[in-house]
Amino acid sequence: MNAPSKRYNVFEKRNIASEPINNMTSQFRSLPSVEHVLSDDRICKIVSEFSRQPVVSLIRANLEKARLDIKRGLQPPDLDGIVANLQKEAQSKWRAWPADVINGTGVILHTNLGRSPLSAQATEAVTSVSRSYSDLEFDLQSGKRGSRQSHMANLINEVTGSEASIVVNNNASAVMLGLAAIAGGKEVIVSRSEAVEIGGGFRIPDVLLQSGAILKEVGTTNRTYVGDYEAAITENTGAILVIHPSNFRISGFTHSPLIKELVDLGRKTHIPILHDLGSGCLLDTSLYGMAHEPMPQESINDGVDVTFFSGDKLLGGPQSGIICGRAKLVTKISQHPLARAVRIDKISIAALSATILHYIKQEATEKIPIWQMISMKPSDIFTRAEAWASALNFETDIRKTYCTIGGGSLPGEVISSWGLFIPCSENGDSASKFAGHLRKAGRPVVGRIEDENVIIEPRTVLVEDDQELIESLNYARDKNHTNEQAKQA
Ligand SMILES: *Cc1c(COP(=O)(O)O)cnc(C)c1O
């Protein structure tokens with residue numbers, strides 16, 4: 001008795017739904033076939049640029065998405081819509097990446113924007129070592145096998161005064177390798193004020209753990225004395241590690257020993273002193289109106305046994321980690337199995353050696369982009385901002401600003417500068433929308449937003465990019481206006 005009525009119910013439900021299903025069926029039928037999309041002239045152009053197979057996969061994915069839209073009761077795109085989407089996806093998915101960006105933020109070492117731009121000479125060195133074979137590990141004099149480290153090490157020793165050096169992938173791996181080779185399985189004494197996170201997951205206690213060394217913290221968060229280190233030394237001590245507080249400041253009632261005092265303690269007790277400097281600043285920042293950033297030369301001159309620093313912070317070169325120190329210890333480090341795992345590549349070696357050469361030739365402030373930026377005079381910056389303002393199709397202001405070093409260097413230190421202010425609220429635009437258009441310009445620009453102004457800082461814009469910056473700014477303004485007019489219409 002129950003069965004027929006159930007069947008009837010099912011029938012009734014189907015009957016009610018029959019019209020939308022018919023509509024859906026016709027929508028499915030109206031979707032173009034893969035072949036049909038492929039035959040469109042605009043798609044033929046994409047195929048000729050990227051080849052058939054990846055375009056077919058992209059078309060299939062787009063048609064699949066259109067079917068899903070239909071099932072959800074949404075209007076699927078027509079052929080023009082599908083083609084437009086394919087064009088957009090092909091361009092963004094298969095573009096060469098990363099894209100060249102103009103840094104208008106005023107942060108000189110912007111980690112998200114790739115830290116240090118390279119000098120023209122370093123860029124040329126990268127190009128030639130990449131396109132050709134090289135004498136990377138080959139001695140052209142003897143015709144025998146050479147070392148990828150020796151030439152680089154000689155240059156670094158010359159500028160830092162170090163006895164020996166090696167270069168690895170980055171400073172994080174330099175510190176990890178140094179600890180593993182010198183203090184693996186032993187205790188490493190670190191001040192509580194320095195057992196910190198430097199950023200991007202680089203935390204001193206974790207790095208020590210991974211290196212196989214044992215962290216022995218001494219002192220307090222704000223005050224640590226030489227006596228604290230001395231009292232912690234046992235026969236199981238492998239090293240004393242000093243970490244430069246590169247991206248934070250402890251101020252007020254503080255104390256930490258001078259490097260020299262720790263070196264004396266190390267000599268007396270035969271414990272190596274390791275110094276993680278972070279930045280690798282080879283020029284004196286106090287000459288440019290900032291606090292003095294500790295320099296590798298000073299650390300080495302003070303007698304530190306091994307010094308570690310980055311190649312792409314204030315040194316102004318490629319991503320790399322530099323290890324300088326006493327020959328015996330540097331040899332031990334270079335022979336550790338981890339050294340091969342963190343080996344530097346030839347492209348970075350080429351860029352780093354060209355960068356170090358600028359220091360040897362005493363031309364760093366003229367040739368290395370970040371030092372050009374740091375040393376740029378405010379009056380020259382004002383003149384550049386004026387030139388930008390007069391080349392633009394719209395009104396802007398020039399106001400006093402402050403730039404920062406960034407990249408975990410000199411926290412709290414600023415360089416006074418002049419910025420181009422683009423007022424957005426008065427024109428019915430919003431600063432975040434304008435900034436969005438700037439990021440999508442042919443040459444993307446990243447600026448800063450402050451009180452509904454988009455600010456572009458001349459100090460961090462490479463001089464050769466001025467023309468493209470103007471074009472991107474005018475583009476963003478046109479976009480904003482087109483949108484405003486569309487809204488009002
Ligand atoms: C930045 C920094 C590091 C990490 O250097 P990378 O080259 O980014 O790997 C390590 N230690 C200190 C003190 C730093 O400032």
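Because the model is predicted, local features are reported at pLDDT of at least 70 and side-chain atom pairs at pLDDT 80 or more, while totals for chains, interfaces and linings use all residues. Residues are numbered from 1 along each chain as its sequence is written, and side-chain values use heavy atoms, with hydrogens and water left out.

**Domains**

Begin by colouring domain 1 (20-93), domain 2 (102-109 + 370-488) and domain 3 (119-365) separately; these bounds come from an automatic or database domain assignment. The C-alpha centres of domain 1 and domain 2 lie 39 Å apart.

**The ligand and its shell**

Select the ligand next, together with Arg115, Asn170, Asn171, Ala172, Ile198, Phe202, His244, Ser246, Asp276, Gly278, Ser310 and Lys313, which are the residues around it (a residue is near a molecule or strand if one of its heavy atoms lies within 4 Å of it). By type, this shell divides into three nonpolar, six polar and three charged residues, where Ala, Val, Leu, Ile, Met, Phe, Trp, Tyr, Cys and Pro count as nonpolar, Asp, Glu, Lys and Arg as charged, and the others, Gly among them, as polar. Helix 8 (171-183) and strand 10 (273-278) each supply at least two residues of the shell; helices (H or I, at least four residues) and strands (E, at least two) are DSSP runs, numbered from the N terminus.

For Asp276, show the side chain, where an N or O atom is 2.7 Å from a nitrogen atom of the ligand. For Ser310, a polar side-chain atom lies 2.3 Å from an oxygen atom of the ligand.

**Strand 9 and its partners**

Move to strand 9 (residues 237-243), where seven of the seven residues are buried; buried means under 20% relative accessible area, exposed over 50%, and partly exposed in between (1.4 Å probe, protein chains only). Strand 9 pairs in the parallel sense with strand 5 (residues 187-191) over three bridges, and Val188 has Ala239 of strand 9 as its bridge partner; two strands pair if DSSP finds at least two bridges between them. Strand 9 also pairs with strand 10, in the parallel sense and over four bridges, and here Ile240 stands opposite Ile273.

Why is strand 12 (residues 321-325) largely enclosed by the rest of the structure? Five of its five residues are buried, so the strand is largely enclosed. Gly321, Ile323 and Gly325 lie on one side and Ile322 and Cys324 on the other, and both faces are covered. Strand 4 (residues 164-168) pairs with strand 12 in the antiparallel sense over five bridges, with Val167 bridged to Ile322. Strand 11 (residues 306-310) likewise pairs with strand 12 in the antiparallel sense over five bridges, and there Phe308 has Ile323 as its bridge partner.

**Thr460**

Select Thr460 in the loop between strand 17 (453-456) and helix 20, where it is buried, with a relative accessible area of 3%.

**Backbone geometry**

Most residues other than glycine have a negative phi, and most peptide bonds are trans. Against that background, select Trp97 and Pro98, which are joined by a cis peptide bond with omega of about -5°; Pro98 lies in the loop between helix 5 (79-93) and strand 1 (102-103). His270, in the loop between helix 11 (259-269) and strand 10, has a positive phi of about 60° and counts as exposed at 70% relative accessibility. Gln362, in the loop between helix 15 (346-360) and helix 16 (364-367), has a positive phi of about 55° and counts as exposed at 68% relative accessibility.

**A last distance**

Finish with Glu471 in helix 20 (residues 466-488), which is partly exposed, with a relative accessible area of 47%. Glu471 and Ser256 are 215 residues apart in sequence and 51 Å apart in space, C-alpha to C-alpha.

Conventions
A polar contact is a pair of N or O atoms within 3.5 Å; within protein, one must be able to donate a hydrogen and the other to accept it, and residues adjacent in sequence count only if both atoms are side-chain atoms.
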